[in-house]
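Please open the model in your viewer and keep the selection panel at hand. The tour moves from one selection to the next and says what to look for at each stop.

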Amino acid sequence: MDLTDEGVYERVRAGQFAELSRRGMLKGSVASAAALTAVGGTATAARADGPIVKPLPPEWFTAFGTNAEMKWDAVRGLGFLTPNERFFVRNHVSTPLIDAAAWRLRIWGSGVRTPLELGLAELRALKGESLVASIECTGNGRSFYTSQQGQTVSGTGWKLGAVGVARWRGVRLSTLLRRAGLTHDAVDVLPSGLDPDYIDKGVNLGKVRRPLSVQKALKDVLVAYEMNGQPLPPDHGFPVRLVVPGWVGSASIKWLGDLQVANEPLFSPWNTSFYRMFGETYPPEGSAPLTVMNVKSAFELPWNATLTAGRTEVLHGRSWSGAGRIARVEISVDGATWERAELERSHSSAAWQRWRFRWRRPAAGAYALRARATDEHGNVQPDVSPHNTLGYQFGAVVRHPVTVA
């Protein structure tokens, strides 16, 4: 069976997930964590004074412990890229402080012929490339399952601000894999971070790590050391992180230190117990692991904003899709009729699309503004997002409340 074929790979993986129980996969994942710990780390990591290093002014962020959500009204007028200091933070644990001089990246496993170790200077000496791409938490929009659909979910109560776009610079993962002698039968790459072990309900799950297929690794994944022209900030993966365009944010491992390459499928809690759909419409073991992010839209407006009656309001916002470019954005101010928004020049198929809409002389009253995007493959935001208990990938049209006075 040719697991290097993407279609065959996905079918086999789906079958494996159906055969394994959640408990069985978790036990295997914990064993994998123990094996990884036995291999040893590649750099020392200190802890910051708080869970997040950078300042989190309340006008820019909503803080959730180790996480921080970008406020959409704060990015109005900032341009296409999200400045590093405004970029959302999603951490499983506190941000580690990595010693760049001691940092090493290890590439090893049954899927390579010549295992490698690289320091930061060696990595930066390789051919570098830049990529404009978004990174988005899989649970972005989670709170709307409850506030808009009346459904119970668990996890951080993000609105729509767990997403950002940056210009990343680094070395293609494909370059490193080929330097390590990628074998013809390699199927999975398991990147692991150097952050502290993640403890969930008393169980040590080890370093944050999540496998991706060799096909995706060879396609467009970047081993990044810069963000918007600067070294990666600590909260965003210093000294090196993965950037996996279009995929769930958990795939873009921060504080990267280890790449296991294997000629058989690999597992971790982050593709068995987490980042899969669970709930009443899914099998007991859950869906296949989540990969491509769905379509979303957000207004660059405060929640419950107050606008002025009788004058034209220019509404601004952004839409994005992990599957590709946004082709169309429609706006509704009455919940019944839809009008096309004006799209600005697109900068990247792996990032968001900015748009504007002229709302001509609205009358006084309370409104729920709606933005609905369609990407180049025909994926469109639905009215209702299918429920799952962990609250992943809310993609329904969000009702944004405003008052015209």
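Select Ile 107 and display its surroundings: leaving aside residues up to four places away in sequence, Ile 107 touches Val 112, Pro 115, Leu 116, Leu 176, Leu 177, Ala 180, Leu 259 and Val 261, where a contact means heavy atoms within 4.5 Å. This is a predicted model, in which local features need pLDDT of at least 70 and side-chain atom pairs count only at pLDDT 80 or more, while totals for chains, interfaces and linings use all residues. Residues are numbered from 1 along each chain as its sequence is written, and side-chain values use heavy atoms, with hydrogens and water left out.

Now switch to a cartoon view and follow the open sheet of five strands, whose order is 6-5-16-9-12 and whose pairing is mixed; two strands pair if DSSP finds at least two bridges between them. Strand 6 and strand 12 (212–213) stand at the edges with a single partner strand each, so one side of each is left without a neighbour in the sheet. Strand 5 and strand 16 pair in the parallel sense over three bridges, and Arg 106 stands opposite Asp 258 in strand 16.

Then select strand 20 (residues 326–332), where five of the seven residues are buried. Strand 20 runs antiparallel to strand 24 (residues 365–375), the two being joined by six bridges, and Val 329 stands opposite Ala 373 in strand 24. Strand 20 also pairs with strand 21 (residues 339–340) in the antiparallel sense over two bridges, and the bridge partner of Ile 331 in strand 21 is Glu 339.

Finally, colour by pLDDT, the predictor's confidence in each residue from 0 to 100: the chain has a mean of 91, and 89% of its residues reach 70 or more. Over residues 2–6 the pLDDT is below 50, and over residues 19–41 the pLDDT stays under 50.

Notes:
Helix = DSSP H or I, 4+ residues; strand = E, 2+ residues; numbered from the N terminus. Buried < 20%, exposed > 50% of the residue type's maximum accessible area, 1.4 Å probe, protein only.
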